[in-house]
Amino acid sequence: MSGDSVDTTPPSTMHSTQALRRLLARARTIMAGPGEAEDRLERITHIIAAELVAEVCSIYVRRAGDMLELYATQGLKSDAIHNTRLRMGEGLVGDIAAHARPLALSDAQNHPNFAYRPETGEELFYSLMGVPAVRGGRVVGVLVVQNRTQRHYTDEEVETLETVAMVVAEMVAGGELVDQSELTPVDGIGSKPLRLEGLRLHSGIGLGVAVLHQPLYRVDQVVADDPVQEHQRLNDAYAEMHGALQDMMETSAFEEAGEHRDIMEAYRMIASDAGWLEKLHTAIDSGLTAEAAVERVQNDLKTRMSQVADPYIRERIHDIEDLGIRLMRYLCGDGDQRTEDLPMHVVLVARTLGPAQLFDYDVSRLRALVLEEGSPTSHAAIVARALDIPVVAHVKEAVDRIEQGDAVVVDGDAARVFVRPGEDIQQTFKDALKARTVQARKYDALRELPARTLDGVDVTLSINAGLLVDLRRMHETGANGIGLYRTEVPFMVRPEFPNVDEQEIIYREILDGADGKPVVFRTLDVGGDKVLPYWEPGEEENPAMGWRSIRISLDRPAMLRQQLRALVRASAGRELRVMFPMIAQVSEFLAAKTLLEMELSRHHERGLVAPTRVTTGSMLEVPALAFQLKALLRHSDFVSVGSNDLMQFLFASDRGNARLAGRYDTLAPSVLSFLRAVVLECEEAEKPVSLCGEMAGYPIDAMALIGIGFRNLSLVPSSIGPVKAMIRSLELRSLEQYMRSISDMDHRSFREMLRGFAQDHKVEI
Ligand code: PEP
Ligand code: MG
């Protein structure tokens, strides 16, 4: 892992391990001792204030309605107890609770979130340090210390307060301070239906029964009786977890799926990270039990995560977090999740999901995934997509609001989750699912039939691929081949840059799996929205138009040459098709092609078996290239239009900006006339042209593309059936005639007119 942003070194020796252990022991004695709960809480504020040399120590407890109530204080006015209340997110205390992260401020009063409460008399205190008290992943209170001077609290002091906060959390959870019913979120079992929104990571519909991925582990004992025993328990659980991960990699689920193995390797690497284990041991040294140590380190990670902007680092921290939960399972003696108790249709609900964790379940029962976090490049999302399970991520408080056993409907297309839905909603989605299954069967029946229009024109339909499992989809759908193999995808799921030998294996597996069907390998297209874990190209003002794709490859020719070498080697005795991305001018294409020729000569000089034929093509996704197409076609064997990027550059409209989504249409007159000109130019040069952007996967768009002359489309595998059905119901002659008749119109888009044409002519769109 890229070391410098994630601190995996053992934590500091804390605010003196000895002192902390003493403080913990005293806190625990008070907690377990005689007296009213609130008196004991107050005594705890005294010892914390004394130990941390603070004038104030206060404890806020979370109450029903997400209010934080002052329960005990040393140093603030005692009238404020039970009177001072803050909402989650309100003031500094609310901020700490809402984000579940500590704050250490030398000038708290000038912080924008400072909320002054006159009844407390806190205007006298300048500096503030506060930490959340977390129990089972839920904030149950906040501990605060304050000082009159502008004090700089150290990390060690923050850690000390966090550790004591665990004891306080245990006390709150004990139910002596607030009623037990206040400790569970309001949307509990049996409460009303909910509709949650999130971010679509993979489309589709899934119905099932909620299975909460991580039963929230209760740490029953925070302070250890015998530290030696706790170290031993940690080591045993750790060894058991490692063994289980190893076993999992050897199970059949991983056999055919090369990338799953890579993901697991990355996961295991993190599991072996000595820094992580050492952190846990250090936490035990401070007086905690093994379980409390895991929780302590987990909380610490969560805090760090909230401060890291880099998505890759965040994902890796997630992976460590997942490992913590797994370790906790072994400590609690639960071992691996049991599959036999699972419902037949599972909607898995998790805060975040590590790559191995999906395989804790019988994947044949998984119907959908609901995550509180997760990003398109997270390992779990990549695997779920490969398994074709709908995924909705960024669903706020999903784990708190969905209960084990709830009926859940996941609408991946609209990124919605219906929890405990009414009969009507369930029925609607059941019907939709049934209709999809019927459709899917119908598409299956088309598998062996050609994509031929009613008037006998054949269209080549290939798939866009990136993972090994996509090959299976290519065969299942009866696609003609792989029109776009995105080589960056296997790079994205690996822990480090694959060397030539490793790349050769990947490409050979793809070619073997394609079983003679053509595969177009697109060279590395990174930068912009495609981030490689181990590659940090640096901040860019405008990454989509920045140093990306072929620009990087030409500036770092060794990297491109290695890739081309691997491709040449993997293609020994068969045809090699290479395509270069983001070509903006012919000279770039020629420079890239020269590198390929150098690799071919090198290969030849070594007397190795050469590819039977080598063809090179260019992506057309930068408009400038269209004005040099004649020249390009003198050198390139084929062209493939990347409409995703092309659209954003044609309209100067960021493809990832939600506010611009839908503003410009792929069926706008300008787009179609641009594409028509490209097709004509390619026809004249007698060079094949295809289109491999997302638009090719929408039947109505595909219809328009065929109408302006495209005969080669490359699309997501799930669209092969629908697009083929459209083609087989289309009479091309009438469409061409119709499109000619409307080409000069000044409409914003031809979409509605084309929809009308399809309806009138019974074209299945
Ligand atoms: C495109 O831009 O249309 C394309 C196919 O490339 P990618 O989506 O991988 O950028
Ligand atoms: Mg592109």
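At 61% relative accessibility, V53 counts as exposed, where exposed means over 50% relative accessible area, buried under 20% and partly exposed in between (1.4 Å probe, protein chains only). V53 sits in the loop between α2 (37-51) and β1; helices (H or I, at least four residues) and strands (E, at least two) are DSSP runs, numbered from the N terminus. The phi angle of V53 is near 50°, a positive value in a residue other than glycine. Most residues other than glycine have a negative phi.

A415 also has a positive phi, near 55°. Its loop runs between β13 (407-411) and β14 (416-419). Is A415 buried or exposed? With a relative accessible area of 8%, A415 is buried.

## About the model

This is a predicted model, in which local features need pLDDT of at least 70, side-chain atom pairs count only at pLDDT 80 or more, and totals for chains, interfaces and linings use all residues. Residues are numbered from 1 along each chain as its sequence is written, chains are lettered from A and ligands numbered from 1 in the order in which they are written, and side-chain values use heavy atoms, leaving out hydrogens and water.

## The whole chain

Let's step back. The protein chain has 27 helices and 22 strands, and 57% of its 765 residues are buried. Take the contacts (heavy atoms within 4.5 Å) between residues at least 6 apart in sequence: 67% of them join residues at least 24 apart.

## The largest cavity

The largest cavity is lined by 13 residues, and Y60, L86, V93, A115 and E122 lie nearest its centre. On a 1 Å grid over the protein atoms alone, a cavity is a set of points where a 1.4 Å probe fits but cannot get out, and lining residues have an atom within 4 Å of a point. Helix α3 gives the largest share of the lining, 3 residues.

How values were computed:
On a 1 Å grid over the protein atoms alone, a cavity is a set of points where a 1.4 Å probe fits but cannot get out, and a pocket is an open set with protein on both sides within 12 Å along at least five of seven lines; lining residues have an atom within 4 Å of a point.
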